[in-house]
Amino acid sequence: MRIDLNSDLGESFGNWRLGDDAALLSIVTSANVACGFHAGDPTVLRRTCAGAAERGVAIGAQVGYRDLAGFGRRFIDMPPAELTDDVLYQIGALEAMAHAAGERVRYVKPHGALYNAIVHHEDQAAAVAEAVAVYDPSLPVLGLPGSVWLRRAEQAGLRTVREAFADRAYTPEGTLVPRRQPGAVLDDADEIARRCLDMVRGEPVAAIDGTPVRIQAESLCVHGDSPGAVEIARTVAGRLSEAGVELSPFTQPGQ
């Protein structure tokens with residue numbers, strides 16, 4: 001068995017620090033790097049890309065709404081053409097930082113409210129898919145299994161990669177429980193690791209109401225801004241390795 005382990009990184013801004021990117025880069029196999037719209041500044045993004053390149057971690061562009069104040073977690077009802085341009089802009093910005101580190105952007109993953117919106121929002125899902133296809137149709141995209149986003153991406157000729165969240169609770173329908181609801185974010189590292197192993201093995205996990213739900217995934221995400229993120233990522237990686245699961249990026253850095 002093989003699985004990718006990804007994390008949201010590069011989300012500090014100026015004197016404001018969020019997460020421990022250096023520690024997480026020593027554990028994960030793919031880094032979803034902020035592109036400056038929901039978080040991150042040029043210095044942070046360049047440093048994160050350099051750290052990923054040094055460790056052979058795949059660099060992904062984590063694109064989102066232009067919403068620094070809300071950390072990209074507020075829905076923005078915007079014209080699809082403008083969303084396409086915003087996503088193009090973000091990928092290009094991160095590509096420059098990756099290039100400076102001797103690497104390149106290997107995949108694209110939407111962030112926060114955009115990620116959740118395009119689970120069902122046809123127009124915005126199509127707009128993001130168009131941006132990736134116009135920029136580089138060989139780039140894979142991460143998303144929620146069964147989402148409109150992955151369907152639209154496939155229709156645009158993109159390679160889609162199903163993603164599961166290590167530290168988030170699921171609804172019985174297989175979607176993420178909104179963060180505003182109690183129990184939406186998980187924090188017990190051992191329990192999270194056990195759930196991740198079940199998901200990798202194709203076994204069901206308990207939804208927030210206890211209903212068994214099966215989550216198919218080729219990549220697991222540990223949020224870099226979650227409390228105890230480093231411990232969670234290390235525990236998940238250790239549990240998977242002990243069970244004979246190989247941790248490797250779904251892309252191939254260096255090629």
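A crossing of two helices is left-handed if the near helix is turned anticlockwise from the far one by less than a right angle, and right-handed if clockwise. Helices (H or I, at least four residues) and strands (E, at least two) are DSSP runs numbered from the N terminus.

The structure is a predicted model, in which local features need pLDDT of at least 70 and side-chain atom pairs count only at pLDDT 80 or more, while totals for chains, interfaces and linings use all residues. Residues are numbered from 1 along each chain as its sequence is written, and side-chain values use heavy atoms, with hydrogens and water left out.

The helix packing may be followed from α2 onwards. The axes of helix α2 (residues 42-55) and helix α3 (residues 80-100) come within 8 Å and cross at roughly 50°. That angle makes α2 oblique to α3; angles under 35 degrees count as roughly parallel, over 145 as roughly antiparallel, 65 to 115 as roughly perpendicular and the rest as oblique. Axes here are lines fitted to C-alpha atoms, for helices over the stretch in contact, and angles run from 0 to 180 degrees between N-to-C directions. The crossing of α2 and α3 is right-handed. On the α2 side, Pro42, Leu45, Arg46 and Cys49 meet Leu94, Met97, Ala98 and Ala100 of α3, where contact means heavy atoms within 4.5 Å. By class, this contact of α2 with α3 comprises seven nonpolar, no polar and one charged residues (Ala, Val, Leu, Ile, Met, Phe, Trp, Tyr, Cys and Pro count as nonpolar, Asp, Glu, Lys and Arg as charged, and the others, Gly among them, as polar).

Helix α3 also packs against helix α5 (residues 122-135), at an angle of about 40° and with the axes 8 Å apart. The two helices α3 and α5 are therefore oblique to each other, and α3 passes α5 in a right-handed crossing. Residues of α3 in this contact include Leu83, Val87, Leu88 and Ile91, and those of α5 include Ala127, Val128, Ala131 and Tyr135. The contact of α3 with α5 has eleven nonpolar, three polar and three charged residues.

Helix α5 in turn meets helix α6 (residues 148-155): their axes come within 8 Å and cross at roughly 45°. The crossing of α5 and α6 is right-handed. In α5, Glu122, Ala125, Ala126, Val128 and Ala129 touch Val148, Trp149, Arg151, Arg152 and Ala153 of α6. Seven nonpolar, no polar and three charged residues make up the contact of α5 with α6.

On a 1 Å grid over the protein atoms alone, a cavity is a set of points where a 1.4 Å probe fits but cannot get out, and a pocket is an open set with protein on both sides within 12 Å along at least five of seven lines; lining residues have an atom within 4 Å of a point. Grid points are joined across faces, edges and corners, and a volume is the space filled by probe spheres set on the points.

The largest pocket holds about 500 Å³ of space. Among the 24 residues that line the largest pocket, Gly112, Ala113, Asn116, Arg168 and Pro178 are the closest to its centre. Helix α4 gives the most to this lining, with five residues. The lining of the largest pocket has eleven nonpolar, seven polar and six charged residues.

The largest cavity has a volume of about 30 Å³. Its lining includes Asp8, Leu9, Leu18, Asp20 and Asp225. Strand β1 (2-9) and helix α1 (21-25) each supply at least two residues of the lining of the largest cavity.
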